[in-house]
Amino acid sequence: MLLCLTANHRNASLDTLERLSVGAPTATRALVEREIFVAGAVVLATCSRFEAYLDIDEPLTGGEAVAVESVVEAMAEASDVSPELLRASVAVHQGADAAAHLFAVTSGLESVVVGEDEISGQVRRALDAARADGLTSGELERLFQKATHTSRGVRNRTQLRGAHRSLVRLALELASSRVADWSAARIVLVGTGRYAARTVDALRARGAGDIHVFSPSGRAEGFAVQRGLLPVADFAAAAAQADVVITCTADAVVHADAFVSGRRVLVIDLGLPRNVDPAVGEVDGVELLDLETIRLHAPLEEFSAHADARAIVGDAATEFAADREVGPAITALRGEVLKVVDDEIARARARGAGDDVEAALRHLAGVLLHKPSVRMRELAVEGRIDDVRDALGLLHGLTVEAPAAAAEDDDDLWATA
């Protein structure tokens, strides 16, 4: 069954999220390799949330609770966070609720900026990373593919489409009260990754043109050439002349000694782990706008998700759960029909039939199976899966067992952990 452990901007501090984002990759592989009931795991760590999606293969009562506690202990140890603090910061979703949560997350409905257009790519890359490490499972692949499909539906069928909401744009919106004219501001950008590229686009949308880029890993020149920017080799010298410094990288920490006391400069830290030492905000003339500040001042009422977006997510979660329930029934019916087809093909081959006969028989089987398979899925979505099982038993003599039931609620998981 599916389990999701989530810590996000609503229930965890930035420091906890930062520690989890650093420690989670190490813990995930150990979890899958050491725990015999964890069939797969995908971890999503962003600047405002930590998510661990697990495929649990545990037939024993209380297996979910054991899995949750194992994940908490592993993540706590790897992230240097106490298990007690992590338990207090983590919400648990299971089964269909885990699917609904991921679909909402991927669609941007759970973000600091509701409807942001960056999270779907982050979810996709989380799956790619788990896949590359051999940590996914068939159920997790199905879950994340459905999540991507659902997010596209939300973008294409609601007013969130084309809104181009993002944490970067929100940060610049908040910063606009301090920057009178973006076109006249001298800006130093630290970082050359995807987030840095998004930041450049958002800055130019506000009229900024004097943008310099610094890379601790030495990639500034290539990044600058591609985007028409000015590369910087000496960060301290560039910061001393900057009006705005924006950091969004994974391999740098900016310290207070890089800034000139008394000179006004706005520093925007979009990194997680944080790229700017909090002491920078104490330098005379320097104003620090970090993720914690952005989160606290986010004008969420301006980004309220529409009811139809939530409805799409709810329908997708229902379909996902129904597909899981009806899957064994469809497999059983297909198995019976294809066995008959294989027998007929063997008899036809014995009489001298060629490949064209086999192809025709297999095509016919596919056509005959399509309509009942679609109808079985429809009945499952309507909550009539028992009717499907009864029909297979009555008409085909097939017995299809129901999937194991999930625990009643999250409190039960923690109580038995």
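Reader: How many bridges join β2 to strand β3?
Author: Seven bridges join them, and the two strands run antiparallel in this predicted model. Strand β3 covers residues 49–56.

Reader: Which residue in β3 is the bridge partner of alanine 41?
Author: The bridge partner of alanine 41 is leucine 54.

Reader: And what is the order of the strands in the open sheet?
Author: The open sheet has four strands in the order β2-β3-β1-β4, and their pairing is antiparallel.

Reader: Which strands stand at the edges?
Author: These are β2 (38–45) and β4 (91–94). Each has a single partner strand, so one side of each is left without a neighbour in the sheet.

Reader: What does the twist average from one strand to the next?
Author: The twist averages 15 degrees.

Reader: Which strands does helix α4 lie across?
Author: Helix α4 (residues 96–106) lies across β1 (2–8), β2, β3 and β4. Its direction is at about 145 degrees to β3. Helix α6 (residues 138–157) lies across β1, β2 and β3, and runs at about 135 degrees to β3.

Reader: Changing topic: how many aromatic pairs does a search of the whole structure find?
Author: The search finds four aromatic pairs. One of them is formed by phenylalanine 214 and phenylalanine 235, with 5.6 Å from centre to centre and 45 degrees between the planes, and this pair is tilted.

Reader: Which parts does that pair tie together?
Author: Phenylalanine 214 lies in strand β6 (residues 210–214) and phenylalanine 235 in helix α10 (residues 235–239), so the pair ties together parts that are 21 residues apart in sequence.

Reader: Is phenylalanine 235 buried or exposed?
Author: Phenylalanine 235 counts as buried, because its relative accessibility is 11% and the cut-off for buried is under 20%. Phenylalanine 214, at 16%, also counts as buried.

Reader: What about the rings of phenylalanine 235 and phenylalanine 259?
Author: Their centres are 6.4 Å apart and their planes are at 85 degrees, so this pair is edge-to-face. Phenylalanine 259 lies in the loop between β8 (244–247) and β9 (265–269), so the pair ties helix α10 to a part 24 residues apart in sequence. Phenylalanine 259 is buried, with a relative accessible area of 8%.

Reader: Which residues do the ring pairs link into a cluster?
Author: The cluster consists of Phe214, Phe235 and Phe259, linked by ring pairs.

Reader: One last point: where does arginine 142 lie?
Author: Arginine 142 lies over the face of phenylalanine 320, at 4.0 Å from the ring centre.

Technical notes. Residues are numbered from 1 along each chain as its sequence is written. This is a predicted model: local features need pLDDT of at least 70, side-chain atom pairs count only at pLDDT 80 or more; totals for chains, interfaces and linings use all residues. Side-chain values use heavy atoms; hydrogens and water are left out. Rings of Phe, Tyr and Trp (its six-membered ring) pair if their centres lie within 6.5 Å; planes under 30 degrees apart count as stacked, over 60 as edge-to-face and the rest as tilted. Buried means under 20% relative accessible area, exposed over 50%, partly exposed in between (1.4 Å probe, protein chains only). A charge sits over a ring if NZ of Lys or CZ of Arg is within 6 Å of the ring centre and within 35 degrees of the ring normal. Two strands pair if DSSP finds at least two bridges between them. Axes are lines fitted to C-alpha atoms, for helices over the stretch in contact, and angles run from 0 to 180 degrees between N-to-C directions. Contact means heavy atoms within 4.5 Å.
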